[in-house]
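Thank you for making time this morning.

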Amino acid sequence: MGGPRTPGTRAAGRRAVLRAGIAGIAAGALDAACGRLGFGASPTAAAPATLIRVAASDLVPLSAPLAAAWEQSHPRTRLLIQGQYALLPGGGFTESAAGFAHADVAGTEGDGMLIGGFGPYLDLVPLLRQAGFDTSRLMASAVRAFAAEDALLGLPLRCTPFVMMVNTPVLSVVGVRHAQDEPWTWDQVRGAVAAARASPHIPASAPLIGGAFWTDPRIWAAFVLGMGGTLTAGDGSLDLGGAACLRATAALIALATLARWPGTSQPDGVWEVSSSFAGLAAHTLFVLEGDYQPPSTPVQANHPENRFPLLPVDPLIPVYQVDGLSVTVHAAQPALAMELILWLYEPAQQALLMAGGIPPVVADDPSLWALWSRQTPGGHDVAPLYDPAHLVDVLALLPQAGFPALPLYAKRLMPALLAAAGRPQGLAGYLAQAQRQITADLAPLAAESRCLLAHDSDCPAP
């Protein structure tokens, strides 16, 4: 599918922290005492200190200031933050660590990528009701990424966007000029590809767009929605037969064909470049890739590459991955564990997270989005532009069953899209067949989800 779903092997080299503006605000968080969130009285001085164990690699670089701020506002409690990933010799990681098995709060992933499935986690709906917390304060699609049937098994911490790296030297060679501070529009991308394909300076075999495959469900769905198409019917069921969906898909296929944008693994495919554009990517104009870092990076900080192309109807930015926090079945005090997660959404803690490179997921405070955007300077061959307010997890908008959505949709959509690229007149039929297959795949998975969430010990295999 064009790269790992979780950060693992990408080389270091991202900027370490944001500018001093965010860092200065974050420093003040250590002196801010945040009120409790409706879970009852604070522990009394006579009570023994309550230890809250957190297994979340995203929070490890910020463990000291987060622990200090939490313990200042929550006397007689202690916060221990560890990673949920165990690094492997020679690079890479495994999704297990000593602290994960006993954590009260665990870091995990949305869109069906919960580590260990449903079993290790509590349904947060009753805890949220007890706290009186309105999840509409958060990015809606990021919250939906943790929904399974009527349960909610996590809340978002970080949304990693797809970004577009731009090979500005090659654009100059083919005579394309573009203001560094401006986003690329869909028409401008198409125009640049056409100019490069007609240029004698660019090999005819060069892939002009690389990175994630154009058949990646996240990329394809973003283009469909951004061009005014829909993916679901009024009842929420999958519907890929709409005229706008077909037009958008046809336009994407035309661009991919002209650009020789890989739709599946092949020798000339280009996954990610991190703005270096070397080797096979020497003549590539644009690369769409997830802006993530491996868990071994001292401070995980997203950097502000060019924005995803501005699409004509909805200028959304597809999410590469949603990372979140869940309350585990091991939590001795689930309400307190829930309070810790909700505490991270308050302004002082959001500033701390931004200082560590974690963009805000709070949707009801535009000042946080503006601050993040202002404090993300550009780098080599990238524009100083970041637009987190338009982030959308398109996978969460598709019908799901609580199981990994990306491989589920890729299994049926990628072959259909590749077939349509070879025979464009068959596009409607190929998408209709993919829709029938996906709908058939979802039915037994949904039944298994309902059974597992009911903690039935005799659930049927899908």
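This is a predicted model: local features need pLDDT of at least 70, side-chain atom pairs count only at pLDDT 80 or more; totals for chains, interfaces and linings use all residues.

Which residues in α12 meet which residues in α13? On the α12 side, the residues taking part are Leu408, Tyr409, Arg412, Leu413, Ala416, Leu417, Ala419 and Ala420, and they meet Leu427, Tyr430, Leu431, Ala434, Gln437, Ile438, Asp441, Leu442 and Leu445 in α13. By residue class, this contact divides into 14 nonpolar, 1 polar and 2 charged.

Now to the geometry of that pair. Two packed helices are described by the angle between their axes and the distance between the axes. Helix α12 covers residues 405-422 and helix α13 covers residues 427-453, and their axes come within 9 Å while crossing at roughly 170°. Angles over 145 degrees count as roughly antiparallel, and α12 and α13 are therefore roughly antiparallel to each other.

Helix α12 has another partner that I would like to set beside this one. Helix α7, residues 217-226, packs with α12 at an angle of about 70°, with the axes 9 Å apart. Since the range from 65 to 115 degrees counts as roughly perpendicular, α7 and α12 are therefore described as roughly perpendicular to each other. In this contact, Pro217, Arg218 and Trp220 of α7 meet Leu406, Tyr409, Ala410, Leu413 and Leu417 of α12. The residues here divide into 7 nonpolar, no polar and 1 charged.

Trp220 deserves a moment of its own. Leaving aside residues up to four places away in sequence, Trp220 touches Trp214, Leu231, Leu240, Cys245, Thr249, Leu252, Leu413, Leu417 and Leu431.

In soluble globular proteins, nonpolar side chains tend to be buried together. In this model the largest nonpolar core has 130 residues, and those with the most contacts inside it are Leu59, Leu155, Trp220, Trp261 and Phe286. There is also a second, separate core of 6 residues, which includes Val163, Met165, Ala281 and Val287.

What does the chain look like overall? It has 13 helices and 12 strands, and of its 462 residues 54% count as buried. Among contacts with a separation of 6 or more, 76% are accounted for by residues 24 or more positions apart. The chain exposes about 17700 Å², with carbon and sulfur atoms supplying 58% of that area.

Is helix α9 mostly buried or exposed? Of the 10 residues of α9, which spans 334-343, 8 are buried, so this helix is largely enclosed by the rest of the structure. The buried ones are Leu336, Ala337, Met338, Glu339, Leu340, Ile341, Leu342 and Trp343. Ala131 lies in helix α3 and is itself buried, with a relative accessible area of 13%.

Let me finish with the loops, beginning with the one between β10 and β11, where two residues are of interest. Tyr292 is found there and is buried at a relative accessible area of 4%; its C-alpha atom is separated by 8.8 Å from that of Gln321, 29 residues apart along the chain. Arg307 lies in that loop as well and counts as buried at 5% relative accessibility, with 8.9 Å between its C-alpha atom and that of Glu182, 125 residues apart along the chain.

Arg76, in the loop between α2 and β2, has a positive phi of about 65° although it is not a glycine, and at 35% relative accessibility it counts as partly exposed. Asp111, in the loop between β5 and α3, likewise has a positive phi, near 55°, but Asp111 counts as buried, at 1% relative accessibility.

Conventions:
Residues are numbered from 1 along each chain as its sequence is written. Side-chain values use heavy atoms; hydrogens and water are left out. Axes are lines fitted to C-alpha atoms, for helices over the stretch in contact, and angles run from 0 to 180 degrees between N-to-C directions. Helices (H or I, at least four residues) and strands (E, at least two) are DSSP runs, numbered from the N terminus. Angles under 35 degrees count as roughly parallel, over 145 as roughly antiparallel, 65 to 115 as roughly perpendicular and the rest as oblique. Contact means heavy atoms within 4.5 Å. Ala, Val, Leu, Ile, Met, Phe, Trp, Tyr, Cys and Pro count as nonpolar, Asp, Glu, Lys and Arg as charged, and the others, Gly among them, as polar. A nonpolar core is a set of buried Ala, Val, Leu, Ile, Met, Phe, Trp, Tyr and Cys residues joined through side-chain atoms within 4.5 Å. Buried means under 20% relative accessible area, exposed over 50%, partly exposed in between (1.4 Å probe, protein chains only). Accessible areas come from the Shrake-Rupley method with a 1.4 Å probe; for residues, only the protein chains shown count as cover.
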